[in-house]
Amino acid sequence: MKIGVYVCHCGGNISEVVDIKKLTASAEQQSEVAVVRDNAHMCSDVGRNLVLEDIKKHKLDRIVVAACSPQFHGKTFMDIVEKAGLSPYVFEMANIREQCSWPHFNEPDLATKKAKDLVSVALAKARLDESLSRKTMPIGKRVLVVGAGIAGIQAALDLGDAGFEVYLVEKEATIGGKMAQLSRTFPTEDCAACILSPKMADVPANPNITLFTNSEIEKVSGFLGNFEVIINKKPTYVNDQCVACGVCEEKCPVKIPNEFEQGLTNRRAIYVPFEFAVPYRYLIDESNCIYLKKGKCGNCKKVCPHDAVDFDQKAEKVELKVDTIIVATGYDIFDAKEKKVYGFGTNKNVITSLAMERMIVHEAEGRATREIGKRVAFIQCVGSRDEQIGNEYCSRICCMYATKLSQLLKRADPKKDVYVFYTDLRAFGKGFEEYYKRAQKTGVKFIRGRVAEVNEDSKTGRVTIKAEDTLARQIIESEFDLVVLSVGMTPGAGTRQAAEVLRMTKSPGGFLQEAHPKFKPVDTLNDGVFICGCAQGPKDIPDTVAQASAAASRAIRLMNKGVYAVEPITAVVDEDLCSGCGTCVSVCPYEAVKTEIKDDKRVAKVNEMLCQGCGSCSAACPSGASQQHWFMNKQLKAMVGAALGEEEK
Amino acid sequence: MIDLKLSDPHFKWEIMKKEGGEGLLKCFGCSDCAASCPVRYFDERYNPRKIIRLTLLGMKEMVLSSPFLWFCAHCHACTERCPQGIKVAELINAIKNYAVEKGYCPEGYKMQLELLMKMGRLYEVEDFDLKKRQRLGLPPIDKTIPDVAKIIESTHILKVLKK
């Protein structure tokens, strides 16, 4: 065996703390080590070629690189090892940056000692590495996109345009998501409906996209290249013959608050979600329809000239096979009723920012739905940055949408007094600071201080806000006609459901977890499943669209070649030792292990395609029958031995 | 004026070690506490946000010697509302306890303690009071409550003050 050891300086990140000379000298003393080299940047072209040439020249068969985290450059070096004709799994990385020089920057001697130990550990493992090889599997071009807000729409259009077969599933009766409800978009003030509706119309026009509205994913099984999906298509009680003439709506006796309009107007039980809905077709709200609840009425069916109303429609299950999945399930706005001190729900002059979006649309269209009043106050961070209600995170959009809404109000009526009470004002994006300045020029007053109380005068209904202007260090107690709560984002029911159905990992705030915050921002820990938009975390429209295109491109990257490589780091069962107890089956998070009868004996069997190499089964196996390639028990023992300074055997 | 050269970098960590001081670092200065504070409403020299800010800056002398530190009425309105979940009133208490340990206890508090040690009450019960109670048909009460002195002794506050 001939091992090559390569020590990286990381441009000083490592070498300023760890004594490289001592480290290389120590590595040279280790058994089987044939070559030891160091370089300022092992990951550079020069560094990579060093490894490549050494493997050929010295006939090396194991490589150890002591540098940064394998999360960072593991793949870089594995590719080099593979390029040299070796298995990429005869390579080990000793992380002497994140696990050594960075945390121990003030203890160079001990850091050098630890770096030596880390290299010994990597060497101990490398000596026992097997020449595993990646398998290739065929993969098709079918993608499931869950959620058809702006994120899902963008991802579906990109994939459809690139020639992939897209199934777009939306739980609501129309696509468009929350963006459809907005007035303008910051900082350019494009009309949201005007820029969104053409994209919505492109969806049914795209021959590669199959759209399922009013539908939810019920079950997903299988794995990358072979997902089996069951979609529950809920009944709309209106069939394809509907031409949206609207005769039915006129005859429907039910009046209930319109959700799309945030309750500012009413709708009927048979309705179109909004004027640019896609598909533009009526549906019946079964929880409010008198016929569906009591068997009486049926006016809509009687008057429909196209016989489109069908009360007998039932939920349908649709089964699909797809190769990759993009989750774009978005967010819900924070339920402001939870923040009792602001009185939302009990005080009619306290509204949410989403209602204000609608009011501005109505005002602009000349069909005002309620009086806005002369004095308007925005309260920021409602449901964000608030550990009292359990949301530690910043929702990112509220500063800018309040900056937008406040100046739209002020510009429409300069006589209005518009105030924004903020905790910190975050104008971080391109053009945002300029937009914030524009709001100030327009005459909006920004006050730095969190609002402590919103009190209602029971006689006049006017509301009084109490806060401290922290910059003037004065208490402000002032009366307003309307208080707008700048509500933050929460992961939402759709995202929670998707996380459950797809068994996805969540971040502390409840949003879906990406595989790596910097280098795999739209990948997830589930191979072939990607995330984008607000399902991953709060973000604005430009970031959402960018992420949606990124998710589409990451999915294309997997599918485009028609085959993909599978990591061989999977669990392996020693059938002689296995007692078939099934412990591994119960701990496996990917349903990758099953027990089966083989030669009259029950044994565990691993599906290598499903296995993600998490190691749960190996750790749980009571007999040691279940082990994991590249992390075999003998390797782990040797690593622990090396860490403890035991003599090599 | 704040002289940053006088900043004591250990101060905030010392406060955080004390019971109630744990949440100190979480403060993002929104002033929900100050806006909720009934004391602040009437006397702007008291401001919990300012006390927390100066503590974070390490302005030990400025915080401990300030008479306004002792204005907190412990109504806990701030604790109820702090979006960062800081127990603000407890935090002010932690700073007060630290102040006493470092010899910054106001004279008024020391005098109250003496009264409690002597009588077990802050208000002296005289014969006049007992007669008045009798007239109203109320039972008599003891002029002194010696148990209070025992309780005070077991808290070691006297030793802390002597240091």
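User: Is B:Lys26 buried or partly exposed?
Analyst: A residue is called buried under 20% relative accessible area, exposed over 50% and partly exposed in between (1.4 Å probe, protein chains only). The relative accessibility of B:Lys26 is 35%. This value falls in the middle class, so B:Lys26 counts as partly exposed.

User: At what pLDDT do side-chain atom pairs count?
Analyst: Residues are numbered from 1 along each chain as its sequence is written, while chains are lettered from A and ligands numbered from 1 in the order in which they are written. Side-chain values use heavy atoms, without hydrogens and water; as this is a predicted model, local features need pLDDT of at least 70, totals for chains, interfaces and linings use all residues, and side-chain atom pairs count only at pLDDT 80 or more.

User: With which residue does B:Lys26 meet in a salt bridge?
Analyst: A salt bridge is a side-chain nitrogen of Lys or Arg within 4 Å of a carboxyl oxygen of Asp or Glu. The side chain of B:Lys26 has such a partner at 2.9 Å, N to O. The partner is in the loop between S21 and helix H12 (398–412) of chain A, and B:Lys26 is in the loop between helix H1 (11–17) and H2 of chain B, so the pair joins two chains.

User: Which residue of chain A meets B:Arg40 in a salt bridge?
Analyst: The N to O distance of this pair is 2.6 Å. Helices (H or I, at least four residues) and strands (E, at least two) are DSSP runs numbered from the N terminus; B:Arg40 lies in helix H3 of chain B and its partner in strand S25 (residues 463–469) of chain A, so the pair joins two chains.

User: What area do chain B and chain A bury between them?
Analyst: The size of an interface is often given as the accessible area lost when the parts come together. Buried area is that loss (1.4 Å probe), summed over both parts. With contact meaning heavy atoms within 4.5 Å, the interface takes 22 residues from chain B and 21 residues from chain A. Carbon and sulfur atoms account for 42% of the buried area, which is about 1,800 Å².

User: Which helix gives the largest share of the side of chain B that touches chain A?
Analyst: Across this interface, 15 residue pairs (both at pLDDT 80 or more) are in polar contact, that is, a pair of N or O atoms within 3.5 Å; within protein, one must be able to donate a hydrogen and the other to accept it, and residues adjacent in sequence count only if both atoms are side-chain atoms. On the side of chain B, at least two residues each come from helix H2 (32–36), helix H3 (38–42), helix H4 (48–57) and helix H6 (77–81). The largest share, 4 residues, comes from H2(B).

User: How many residues apart are A:Arg375 and A:Asp417?
Analyst: The side chains of A:Arg375 and A:Asp417 meet in a salt bridge (3.4 Å, N to O). A:Arg375 belongs to strand S21 (residues 375–382) and A:Asp417 to strand S22 (residues 417–422) of chain A, so the pair links distant parts of the chain, and the separation in residues is 42.

User: What percentage of the residues in chain A is buried?
Analyst: The secondary structure of chain A comes to 18 helices and 34 strands. Its C-alpha atoms fill a box of roughly 85 × 70 × 45 Å along the principal axes. Of the 649 residues in chain A, the buried share is 53%.

User: What distance separates the centres of domain 2 and domain 4 of chain A?
Analyst: Domain bounds come from an automatic or database domain assignment. In chain A, domain 2 covers 142–234 + 315–330 + 492–559 and domain 4 covers 332–490. In contact are 19 residues of domain 2 and 26 residues of domain 4. Taken over C-alpha atoms, the distance between the centres is 30 Å.

User: How many salt bridges are counted between domain 2 and domain 4 of chain A?
Analyst: The area buried between these two domains is about 1,900 Å², with 63% from carbon and sulfur atoms. A:Arg411 forms a salt bridge with A:Glu189, the closest N and O atoms being 2.9 Å apart. Between domain 2 and domain 4 of chain A, the number of salt bridges is 3.
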